[in-house]
Amino acid sequence: MRARVAALLGASLSGALTLATLPAVASPSTQRGFGARAGSLAAANGADLDDASAVVGNPSGISHAPGTLVSVGYENHASSLEHDGAEAPLETIQTVEVGLVVPGEILTIPVGFGLALALPDGRFSKLRQVEPTEPYFVLDDAVPRLLDLAVGVAVEPLSRLSLGGGVGFVSSLEGAFRIRGTAASADGMGAEYDSSLTHSVDADLLSSRYPILGLGYVPVDPISLGLSYRGAVKVNQRIEGTLNGDLAIGPLAVPVTYAFTTDAIVAYSPPELALSATVRPLERLALHASLLFRRYSTFPSPYTRTASRLVTNLPPGLGLLPPDDPGTPPPPARFRDRFVPRVGLEREFGLGPASSIAARGGYAYEHSPVPVSQRETLLFDMNRHVFALGGGLRLRRPLQPFAELRLDLAVELVHGARRAFESGVTREPTRHRAEGDLLALGATLGVFFDDDDPDQASAGAAGAR
Amino acid sequence: VVGLVALLAATPVGATPAELVGAGAEGVALAGSGTSLDMGPHAALLNPAGLGSQEDKELAFGFRATRFSLSIERDGTTTRYPADLSNGLTLGVAAPLSRGRFKTGIGLIAETPPNFVVRAEVPFDGTPTFPLVSGRAQSLDFGAGLGFRLGGLSVGAGVRALAALAGRVAVVQDPAGPSGAVGTRLLPAWAPTAGLRLDFHTRWRLAASIRGVLRADFDAEVASARLGPISVVPLNIEGVAAYEPLKIDAEVSERRGGLEVLAGVRYERWSAFDGWVGPTVVCPPSRGSCGTAPPTRPDYRDVVSPRVAGSYELRLEPVTLAVRAGYTFAPSPIPEQKGVKNELDAWRHGFALGYSVALPKDCFPIRLDAAYRLDLLAPRTHDKGGGSRLTTRGTMQTVVFGAGVNL
């Protein structure tokens, strides 16, 4: 494991260096929270959020922001996962995060608006459909390569109660392209380029939304409680292609219509409910804990349903062209629901009246939702131990117009314990094993802006004098 | 075995409804004007320099619906062009980041259709379409910007961001049945925005903004396509789903008491556009010619669009009422369609009206806006040769409701 961690660290650092010229840094993950502070606490701080991480973690925290916040972050996720001893071809993911929180008041009631955006590898998503016979790390291949974009609002109707709600967005694809004309068959001499064809496209990039709800409650001063819910995140891809025209085979022109359809859920994150608590036994010490329920049993299948249809006037039995096929339903995933316990510890050290640093640590255990006995699938996953460490620097009123500056750093090591399972996808049941580690490095810079007008403030002060 | 492999690449999408009818209820009521005004979050789309004057934190919501009534008359027979209702939900936020002598502000605005981010409809060559009218209303508008103000001079910069799709589709059919795999990448497409504004003599404002090209391409290649033992040519499904050209806006406004009048002009550089569709077969350099001819350039023209608008503000304690009106003339960049192509468009006259009601901040800090805009498409005839003619007519009606809450 030590060698693997060293390799991961190397991959992470080299990835970080190659991205050093990018303008910003970090990632709101549907998996492990938004920003470096959440990452260094293993996302156990759902009851103690006051920045852009609240938008995806628990929107009720948006109204707690001490001022208008603009944050940028960077995360580097490197993985070293193995299926049956072979390394899984998972690329290092580099995520840029941007957050905006605007708190305020309406009729003296605190309210707030927030936005969180994470852009993995400079893309909104990178997704693929897979074959059931292909070894597939289903929880690592698609979701971490998906854009997180969420907006939320919060209101604090009572001094100890805050409520929040928001919407997250992902994009699905539904499209068709059609080709018509005369397609000349290849003869080895370039005759296919005599084809005379045109095409059309009719495609929608659909917006799929999921709800995010949150509640924050402070029953007594050293204790904060949080409850949050996020709906399922589902990305569909449905693509149709049609070739409609003549197929020229030498002097013979055969009217042909060939159509295919592929349909799949290429990324899925289940609905989840989290109960969180933060206790501050000392002024500068915070203990965080949360219990997350992820309803993975609602995941239908990661596989594709493909259908094809061929219409021609060639006599059947010639064997030149294959028959129609309506396709078969994809094999179900048969995932199980899971609970994820998380704990975190945060200790702040004062450096002066206006600055402090914090040390943080966290742990989470993620039991695999993937079944150990699979009949029609070859889905790899492990039970995971998440170890997180990090630190933070806070500068209060460093210079105008900044009310506060926060710099957070995080290192997260996810150790996947070796896990054996059986699959019958190749007809004869065979034993397989999955293992590996993931390493995430992250940094977030957050700048809170002063809501006061310095000119008016100084004028007021002068008047008071 | 049947194998059909497609490579879909790059389908960026454009921020277009605001370009077509105006940004937000105020922008629509002023017939697309607003480059020189304080437009709240919508300044991120029009002129980010306006964000430097943002005094209050503002959260904006809105709804827009645009209905098209377009008809095509061909050789005496009139048919109605089937254009879908276009609508969008708006959410935006603007906030001052610093006050005092040097002011800065940030703004973010998104208008999205309820069900999709963008719709790409590129029909077969020759099918009648209105690509610059109904086609431009079917996508997301997203903008973010920063504005700075020192004295009477404001400058701003921003970005419009959208989505781009790249991917790979494979379908293989063997005796056990078909199977498929699709891989896609959704890429961001960015277009920069910059602007400046000069406030002088307490009443006058002079502003200009430039917005970069936002282009929505798609490029699908059906490589090594096989129907049984028969191979066909690699296919290239390439084109443009949405396109907004380089735009330069200039506007001057004067405020006298409650009356504000605006006059502006917009330049749109359509001559750089190279067409909605690419060649279905890419001819290898080793061959002089192929059976599929490359598409011809559309020869769109640059256009200059003037506009005038005004608003009048009344204080009817405790509310503040504003009424607005505007007019714009939008010439068509598309030339007469004499050949097979039927990319249809016409000169547009846009008339707009609107109002705003604002409650006092100490009561409930909300402002409600509404706007209506009617665009008349002038009748236009295309001579198709052989005595055949094609004439287009139509209207476009837009209704917008908006609300802004000060936080």
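How many bridges join β6(A) to strand β9 of chain A, and do the two run parallel or antiparallel? In this predicted model, eight bridges join β6(A) to β9(A), and the two strands run antiparallel.

**Figure 1. Strand β6 of chain A and its pairing with β9(A).** Strand β6 covers residues 109–120 of chain A, while β9 spans residues 148–158. Within this antiparallel pair, A:V111 has A:V155 of β9(A) as its bridge partner. Strand β6(A) is mostly covered, with nine of its twelve residues buried.

**Figure 2. The hairpin of β5(A) and β6(A).** Strand β5, residues 93–106 of chain A, is joined to β6(A) by twelve bridges in an antiparallel arrangement. A:G99 is paired with A:A116 of β6(A) as its bridge partner. Two residues lie between the strands of this hairpin, where A:L107 takes a positive phi near 55°.

**Figure 3. The disulfide between B:C283 and B:C290.** The count over all chains comes to one disulfide. The S to S distance between B:C283 and B:C290 is 2.0 Å. The torsion about their S-S bond is about 80°, so the disulfide is right-handed. B:C283 is partly exposed, at a relative accessible area of 30%. B:C290 has a relative accessibility of 17% and therefore counts as buried.

**Figure 4. Stretches of chain A with pLDDT below 50.** Chain A has an average pLDDT of 82, and 84% of the residues score at least 70. Over residues 1–28 the pLDDT is below 50, and this stretch has 71 contacts in the model beyond near neighbours in sequence. Residues 460–465 of chain A also stay under 50, with zero contacts beyond four places in sequence.

Note on methods:
Residues are numbered from 1 along each chain as its sequence is written. Chains are lettered from A and ligands numbered from 1 in the order in which they are written. This is a predicted model: local features need pLDDT of at least 70, side-chain atom pairs count only at pLDDT 80 or more; totals for chains, interfaces and linings use all residues. Side-chain values use heavy atoms; hydrogens and water are left out. pLDDT is the predictor's confidence in each residue, from 0 to 100. Contact means heavy atoms within 4.5 Å. A disulfide is a pair of cysteine sulfur atoms within 2.5 Å. Buried means under 20% relative accessible area, exposed over 50%, partly exposed in between (1.4 Å probe, protein chains only). Helices (H or I, at least four residues) and strands (E, at least two) are DSSP runs, numbered from the N terminus. Two strands pair if DSSP finds at least two bridges between them.
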